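Please walk through this model with the structure open beside the text.

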Amino acid sequence: MSTTKNCLAAVLAAGLGLGTLTACGDSGDSGGDSENVTLVTHSSFAVSKDVLKEFERTSGYKVRVLKDGDAGRAVNKALLTKDNPQGDVFFGVDNTLLSRALDGGLFQPYKSPALSSLDADTRLDPKHRVTPVDTGDICVNYDKKFFSEKKLAPPKSFADLAKPAYKDLLVTENAGSSSPGLGFLLASAAEYGDQGWQGYWKKLKANGIKVVDGWDQAYNEEFSGSAGGRKAGGERPLVVSYASSPPAEVVFADPRPKTAPTGVATGTCFRQIEFAGLLAGARNTEGGKALVDFFASKAFQEDMPLNMFVNPVRAGAKVPAVFTEHGTAVEDPHTLAPGKIAEKRDDWVTSWTSLVLK
């Protein structure tokens with residue numbers, strides 16, 4: 001396994017855990033000269049060693065990867081350091097936080113030549129400050145063994161989660177600091193509207209929902225269905241994670257099970273889109289542009305599913321069979337318009353914090 005894949009294995013899937021700034025992959029000099037390009041990203045970024053090496057060989061740039069924990073924390077830190085950026089490219093800002101990054105002047109415009117090959121529905125910035133890289137669905141996952149042993153049907157919808165049968169079973173992430181936690185909050189707002197989501201969360205709180213800081217803690221410590229959670233003695237059989245988490249449980253298991261030990265409540269999902277962008281003040285703009293183009297390339301797009309457990313956005317990019325066999329296709333995920341998220345997100349998070357954490 002490459003160093004970057006070892007970093008991913010620590011968190012298993014494409015969930016966005018919390019951590020401190022760390023360097024993975026090649027550890028050359030920072031991106032202050034023409035031979036080096038530095039990527040700032042979240043803790044779940046991963047790429048196969050041979051794919052990255054081929055980019056370095058053909059581009060002439062040496063890539064340094066700086067990982068800075070959960071996506072929400074990484075975006076906030078990048079905004080605080082935008083006048084003296086830690087790198088040249090930022091990957092991992094998603095549609096839940098995009099307006100914050102754009103309004104804060106985090107990126108400079110760059111229209112990749114590959115943009116026309118990417119899913120039009122994911123191209124959310126007409127000024128081309130960011131380039132879409134992948135999609136994923138934030139969903140409640142469930143521990144199949146628990147529900148089978150209890151002879152209890154797993155939940156399918158938001159309404160189910162508030163029922164007495166599922167009391168004290170669900171763990172989620174803090175919506176103020178975690179990307180999947182925020183996505184779950186936005187999904188509830190999409191489901192119940194501006195006037196109804198707070199009442200729904202009151203029901204969840206009364207039904208014993210547990211809130212932790214980030215995905216890694218929720219999934220790998222609290223959730224009874226994951227390999228990490230079982231090892232840690234996790235007691236919650238429901239967790240906010242991703243629709244692609246079940247195939248991750250299969251891929252990283254030794255030996256591999258015939259079926260995934262976890263399932264997905266497809267009525268609870270929110271569609272997440274991740275972007276990469278050339279940082280304002282980047283020292284190596286040409287290297288940064290090349291790296292953004294690389295993220296949109298067929299080689300990287302086809303490498304992503306089994307490294308970061310997300311879906312490619314490039315037309316014609318193939319997805320490995322194990323990813324589709326054990327993953328769950330979400331036909332109708334919850335979504336919110338970028339303008340709606342920009343208008344309401346901070347107020348929703350503030351209200352959620354007062355309602356749920358106090």
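**A salt bridge and its surroundings**

The side chains of Asp346 and Arg100 form a salt bridge, with 3.0 Å from N to O; the term stands for a side-chain nitrogen of Lys or Arg within 4 Å of a carboxyl oxygen of Asp or Glu. Arg100 and Asp346 also belong, together with Arg345, to a network of salt bridges. The model is predicted, and local features need pLDDT of at least 70, while side-chain atom pairs count only at pLDDT 80 or more and totals for chains, interfaces and linings use all residues. Residues are numbered from 1 along each chain as its sequence is written, and side-chain values use heavy atoms, with hydrogens and water left out.

The protein chain is divided into domain 1 (36-135 + 273-326) and domain 2 (137-270 + 330-357), with bounds that come from an automatic or database domain assignment. Taken over C-alpha atoms, the centres of the two domains are separated by 25 Å. Their contact, which means heavy atoms within 4.5 Å, takes 16 residues from domain 1 and 24 residues from domain 2. The size of an interface is often given as the accessible area lost when the parts come together. Domain 1 and domain 2 bury about 1,600 Å² between them, 58% of it on carbon and sulfur atoms, where buried area is the accessible area (1.4 Å probe) that two parts lose on being put together, summed over both. Of the area that domain 1 buries against domain 2, Thr96, Phe309 and His326 supply 41%, more than any other three residues. Across this interface of domain 1 and domain 2 the rule finds 1 salt bridge.

In helix H2 (residues 49-59), Glu56 and Lys53 are 3 residues apart and so separated by about one helical turn, and their side chains meet in a salt bridge at 3.7 Å, N to O. Glu56 counts as buried because its relative accessibility is 9%, whereas Lys53, at 34%, counts as partly exposed; buried means under 20% relative accessible area, exposed over 50%, and partly exposed in between (1.4 Å probe, protein chains only). Arg57 and Glu54, also 3 residues apart in helix H2, form a salt bridge at 2.7 Å, N to O. Of these two, Arg57 is exposed at 60% relative accessibility, and Glu54 is partly exposed at 38%.

A further salt bridge joins the side chains of Glu222 and Lys210, at 3.1 Å from N to O. Glu222 lies in helix H9 (residues 215-222) and Lys210 in strand S7 (residues 210-212), so the pair ties together parts that are 12 residues apart in sequence. Glu222 is buried at 15% relative accessibility, while Lys210 is partly exposed at 32%. A search of the whole structure finds 12 salt bridges.

Two serines complete the walk. Ser244 sits in the loop between strand S8 (238-242) and helix H11 (245-251), and counts as buried because its relative accessibility is 9%. Leaving aside neighbours within four places in sequence, Ser244 is in contact with Phe309 and Phe323. Ser112 lies in the loop between H4 and strand S5 (131-143) and is buried at 4% relative accessibility; with neighbours within four places in sequence left aside, Ser112 is in contact with Thr131 and Asp293.

Conventions
Helices (H or I, at least four residues) and strands (E, at least two) are DSSP runs, numbered from the N terminus.
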